[in-house]
Amino acid sequence: MMKFAALWLCVGFTLFLFIIDRQKKGGGSLARWLIVAYVAMIATRAVSSWFNLGIEVVSPDDYLEGSPFDRNIFIGFLVLAMLGIFRRSVNWEWVHQNNKLIILFFLYAALSVLWSDYALVSFKRWVKSAGLLVMVMLLLTEDDPVEALRWVFRKTAILLIPISIVLIKYFPEFGRSYTVSGAQQFTGVTGNKNMLGALCFVYGVFFVWDLLAVRKGTVERGSSTLLVNIVILAMIAYLFRMADSATSVVCFILGTAILLILELSEIKQNIGRFGVYLAIVLLLFGALEALFGLSEAVITALGRDMTFTGRVDIWSDVISMAENPLVGSGYESFWLGDRAQRMWDVYSTRLNQAHNGYIEIYLNLGIVGLVLLSLMILTGYKNILLRIMSGDPLGSLRMALFLTALLYNFSEAAFKTGLIWFVFFFCCLDYRPKAAVQAQHLVKRIRRVPACRLAGTAGGNR
């Protein structure tokens with residue numbers, strides 16, 4: 001009885017947070033609720049697993065068919081998102097001009113289906129990933145993307161964070177899992193402890209940004225807003241401890257540090273040199289590493305070893321198995337068939353990723369894919385920097401999540417469907433509605449007109 005009482009208390013608490021978190025503007029349109037449902041889905045375990053409708057994975061071949069139930073849900077989201085976008089007046093010219101390298105990466109990924117050993121599976125996974133891009137566009141084309149993002153992230157956090165605590169404490173059949181060796185993991189609403197850590201770090205960085213934005217007055221103020229932020233951050237701190245995901249803790253600390261650094265007046269005045277500052281920090285870290293072995297000290301302090309919990313051996317093994325270093329095995333095709341079986345025979349954890357996003361791209365898309373990923377990252381950085389320079393309230397949040405997503409992929413393969421991939425594209429993609437672009441051009445033309453001519457025009461109008 002106790003666990004069901006806890007569940008109903010959680011439901012009531014969630015409804016209470018929803019009620020006090022209501023905003024005066026930018027209410028919940030159908031499009032926003034669609035995005036909330038989608039983000040909640042990709043941030044947690046597969047929908048089919050909640051209802052015992054998924055497939056039991058006992059061999060790599062079980063991944064070939066996948067879950068028809070989950071696939072149909074993703075297709076439904078994709079269709080609804082596309083219908084929502086086509087009903088809007090989207091500035092496709094701007095999308096094409098300012099996101100060419102991102103589009104090129106996805107086109108190359110689609111082309112790689114042709115040389116995959118499992119072309120149909122590869123194509124299905126590409127469609128799933130492309131659907132994520134469509135959902136990001138649905139969010140970016142909202143009338144007020146700042147309020148839309150806040151609304152979506154706050155609602156999903158209120159839905160996912162409290163229930164994760166309840167599942168861990170009172171419903172271990174859902175909130176906990178066990179590795180092949182029998183070790184217990186706390187997972188909450190996610191599929192494993194690393195997913196729970198990623199959920200915490202993304203929402204942790206968001207709510208720190210939101211606190212700073214409320215303090216500055218760039219977003220809606222209110223005592224209820226502050227209360228919700230503090231409550232959710234406290235819950236995230238608890239889940240961090242339960243998840244025991246060192247990478248996510250480091251990403252949260254780094255993301256918070258970036259948000260605070262971008263608040264400094266000296267940085268704001270010289271934001272164009274932010275890349276130089278980053279390079280200096282990396283060089284300083286490299287010097288400290290060479291002189292004092294800084295990384296080993298940090299990793300040891302986090303309770304890990306220099307093998308990154310066995311990841312170094314995995315990286316070495318999978319790189320040696322790359323059959324086509326130039327173009328890879330085809331989109332999301334490496335961990336299928338004989339290659340996956342060989343890794344399962346060596347490792348008892350039933351690996352389905354390289355635990356490194358960059359190596360994962362290399363395995364599936366080859367050196368060409370890595371080059372395109374690098375160009376996409378540079379495009380994203382440029383777009384974010386321009387946003388910050390233009391005074392976009394989301395600029396600092398984009399930069400913090402963007403850089404931490406890059407760091408996160410050094411120990412987890414998150415450059416594919418999932419919350420980190422969604423956040424990454426939200427940060428990288430640049431979109432401006434036609435009205436905003438026209439207004440910007442008008443301002444530029446006015447600035448080029450000499451002051452005397454403007455004065456004369458004003459006098460003539462009088």
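Reader: Leaving aside neighbours within four places in sequence, which residues is Glu412 in contact with?
Author: This is a predicted model. Glu412 sits in the loop between helix H20 (395-408) and helix H21 (419-428). Setting aside neighbours within four places in sequence, the residues in contact with Glu412 are Asn194, Arg311, Gln353, His355, Asn356 and Gly357.

Reader: Is Glu412 buried or exposed?
Author: Buried means under 20% relative accessible area. The relative accessible area of Glu412 is 5%, so Glu412 is buried.

Reader: Which side chain does a polar contact of 2.4 Å join to that of Glu412?
Author: The loop between helix H20 (395-408) and helix H21 (419-428) holds Glu412. Its contacts beyond four places in sequence include Gln353 and Arg311. The side chain that the polar contact of 2.4 Å joins to that of Glu412 belongs to Arg311.

Reader: How many salt bridges does a search of the whole structure find?
Author: Side chains of opposite charge can pair when their charged atoms come close. Over the whole structure, the number of salt bridges found is 19.

Reader: How many residues apart are Lys155 and Asp21?
Author: Lys155 and Asp21 form a salt bridge, with their closest N and O atoms 3.6 Å apart. Lys155 belongs to helix H9 (residues 145-170), and Asp21 to the loop between helix H1 (2-20) and helix H2 (30-42). The pair therefore links distant parts of the chain, and Lys155 is buried at 5% relative accessibility. The separation of Lys155 and Asp21 is 134 residues.

Reader: Which residues are linked with Arg150 and Asp210 in a network of salt bridges?
Author: Arg150 lies in helix H9 and Asp210 in helix H11 (residues 193-216), 60 residues apart. The network that holds Arg150 and Asp210 also links Asp21, Glu147, Arg154 and Lys155.

Reader: How far apart in sequence are the parts tied together by Arg387 and Asp430?
Author: Arg387 forms a salt bridge with Asp430, the closest N and O atoms being 3.2 Å apart. Arg387 is in helix H19 (residues 357-389), whereas Asp430 is in the loop between H21 and helix H22 (434-448), so the pair ties together parts whose separation in sequence is 43 residues.

Reader: What is the area of the nonpolar surface patch that includes Leu326?
Author: Leu326 is in the loop between helix H17 (311-320) and helix H18 (337-346). The patch is made by Leu326, Ile367, Val371, Leu375 and Leu378, and its area is about 440 Å².

Notes:
Residues numbered from 1 in each chain as written. Predicted model: local features only at pLDDT ≥ 70, side-chain atom pairs only at ≥ 80, totals over all residues. Heavy atoms only, no water. Helix = DSSP H or I, 4+ residues; strand = E, 2+ residues; numbered from the N terminus. Buried < 20%, exposed > 50% of the residue type's maximum accessible area, 1.4 Å probe, protein only. Polar contact = N/O pair within 3.5 Å; in protein donor to acceptor, adjacent residues only side chain to side chain. Contact = heavy atoms within 4.5 Å. Patch = residues over 30% accessible without salt bridge, like charges linked within 9 Å, V, L, I, M, F, W, Y side chains within 5 Å. Areas by Shrake-Rupley, 256 points an atom, 1.4 Å probe, with all protein chains shown as cover. Salt bridge = Lys/Arg side-chain N within 4 Å of Asp/Glu carboxyl O.
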